[in-house]
Amino acid sequence: MTADAPTTPSDLTPAAYRARISELESRLEESEDTLAAIRRGDFDAVVVEGPNGERLVYTLENADQPYRVLIEQIQEGAFTLSPEATLLYCNRRLAAILGVRQEKLIGRSLRDFLQPGHGSSLTALLDGALRAPVRGEIALRGEAGEPRPVYLSINRLEREGEEPLLCGVLTDLTEERSRLLELAEANARLTAEISERERIEEAFRQSQKLEAVGQLTGGVAHDFNNLLTVIKSSTDLLKRRDLAEDRRSRYVLAISDTVDRAAKLTGQLLAFARRQALKPETFDACASVAAIGDMVGTLTGARVHVVTRLPDRTCCVHADPSQFDTALVNIAVNARDAMDGEGELTITVEAPDAIPAARGQAAVPGPFVAVSVSDTGTGIPPAILDRIFEPFFTTKGVGQGTGLGLSQVFGFAKQSGGEVLVRSELGRGTTFTLYLPRAETPIAAPKSGDSSEVPVDGQGTCVLVVEDNPEVGRFATQTLEELGYSTVWVRDAEAALVELEKIPFRFDVVFSDVVMPGRDGVDLANEIRQRRPGMPIVLTSGYSHVLAKEGTHGFELLHKPYSVEQLSHVLSRVVAAGRRGRA
């Protein structure tokens, strides 16, 4: 075929224009007939004229050769099926998947290679492919019987005047499933290893806990046995009839002092365990540091230079001021010993906006007050730095320390919602930093207390004593009666409520233990507050998880062990306050 020179429509006459259109229509019809013949396979080759007039010959074999190469080289199994699943064509990859030579697969049914139980799945795919392209997974088996999970993608292949066929692609999932199985097995091994590691770590933690409990128990037993030895020896000597009065007074004083020391030891243990009943107040940490500066100087000695660095602004905290002072003193005493009584001790107050990350804990944002105590001592070895807050852990010699000072600091900080961090360098010194939540509320006026050590006369005041321990209850009622109080003693909360309802306005004050069987003292006090809002109430406890967690709920608290003077003063104060409130 030759191409005519282009002619513009303006050069043609109407007759020539119509002739041109007729010619083009004839060529179009000829092209369509040629295309139909090619589709039917009537031609073995097509000859066309090239751009330079040369003749080009294209055979059908050459035309589809790239596609045949592509089909044979792909890593998927390609096939043509009859609607009954007979293989009419397959590539080399499909033959390799099924383990049968390519020429021997033609004419066989794909159903011959199905795993038992998958016939209905294949039928559904073939029926669906006659309507629309389908995809699905089935299980085949090779000629040797090995399982072959595969993924099929099948389409309908139209043929003019003949029954349509099905063509598709088959993806072998064997390696993928094998990798998934390996991953699952590796995951199972990893899970087992993690579980075993967690078990070992938990066992290690338990052993550490037992070691800590053993150390704590040994320390408590050692210190309390020392205290009990003093008390026992003093009581034995007091039984002697020929004992001089001055020696009798000395032994009584020794018992009293030893009881105070035992109470302090208990308080330190509770502080470490964060189970002490704190009496938080809002106070200025700068003022407290300035106030105890002289006391710290006295404790450290003249050869230790004490420096305080305080900001211009007020740094208020809401915590127990007594425990705050005790914490600073405990740190200062450790600093003094680390400096061997000579050096410089610096106390700094700052107002950071976060607690820095330390000891594996993330940083804690929020307004805080930081009180740092730095010394120029020997520093703390890194090997023991993580143990310094453990109770009874000490590097000091026998008789030079209990190992409870820093544990009190740790417990007070944690229970107050803060933290204590330590930074140390051997030969250069150590810095302890106590972080407490900053308070913005006005500073509360300090509570006035009686400084007199003389017991106050009860003057007939009626006290309802609620105490489940017989010895303590008997001692409390006898003590109060000797001080001029009248008493009624019950052993639980329910009995106390019954007594209160018997005779209205009989009692002037309720004095109750906190830890009791059934309803505790705090629950009882709240019930009494609802029934009799003006009734004065004093709670007492040596330890209570309720008080440690929730505070005193606004009730007066007297810590056990208490003295006669403390009991008489607190009762007289709350009774007087109650009478003023009713006046």
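Modeller: Let's begin with a term: a cavity is a set of grid points where a 1.4 Å probe fits but cannot get out. Keep in mind that this is a predicted model. Counting cavities of 30 Å³ or more, we get one. The largest cavity holds about 40 Å³ of space.

So who lines it? Around the largest cavity you'll find V465, V466, E467, V472, A476, F511, D513, T540 and Y562. Sorted by class, the lining of the largest cavity has six nonpolar residues, one polar and two charged.

Now for the helix pair. Helix α9 covers residues 321-338 and helix α10 covers residues 405-415; they pack at an angle of about 140°, and their axes are 9 Å apart. Angles over 145 degrees would count as roughly antiparallel, and 65 to 115 as roughly perpendicular, so α9 and α10 are oblique to each other. Their crossing is left-handed.

Which residues make the contact between them? From α9 come Q323, F324, T326, A327, N330, I331 and N334, while α10 brings G405, L406, Q408, V409 and F412. That contact of α9 with α10 splits into six nonpolar and six polar residues, with no charged ones.

Terms used. Residues are numbered from 1 along each chain as its sequence is written. This is a predicted model: local features need pLDDT of at least 70, side-chain atom pairs count only at pLDDT 80 or more; totals for chains, interfaces and linings use all residues. Side-chain values use heavy atoms; hydrogens and water are left out. On a 1 Å grid over the protein atoms alone, a cavity is a set of points where a 1.4 Å probe fits but cannot get out, and a pocket is an open set with protein on both sides within 12 Å along at least five of seven lines; lining residues have an atom within 4 Å of a point. Grid points are joined across faces, edges and corners, and a volume is the space filled by probe spheres set on the points. Ala, Val, Leu, Ile, Met, Phe, Trp, Tyr, Cys and Pro count as nonpolar, Asp, Glu, Lys and Arg as charged, and the others, Gly among them, as polar. Axes are lines fitted to C-alpha atoms, for helices over the stretch in contact, and angles run from 0 to 180 degrees between N-to-C directions. Helices (H or I, at least four residues) and strands (E, at least two) are DSSP runs, numbered from the N terminus. Angles under 35 degrees count as roughly parallel, over 145 as roughly antiparallel, 65 to 115 as roughly perpendicular and the rest as oblique. A crossing is left-handed if the near helix is turned anticlockwise from the far one by less than a right angle, and right-handed if clockwise. Contact means heavy atoms within 4.5 Å.
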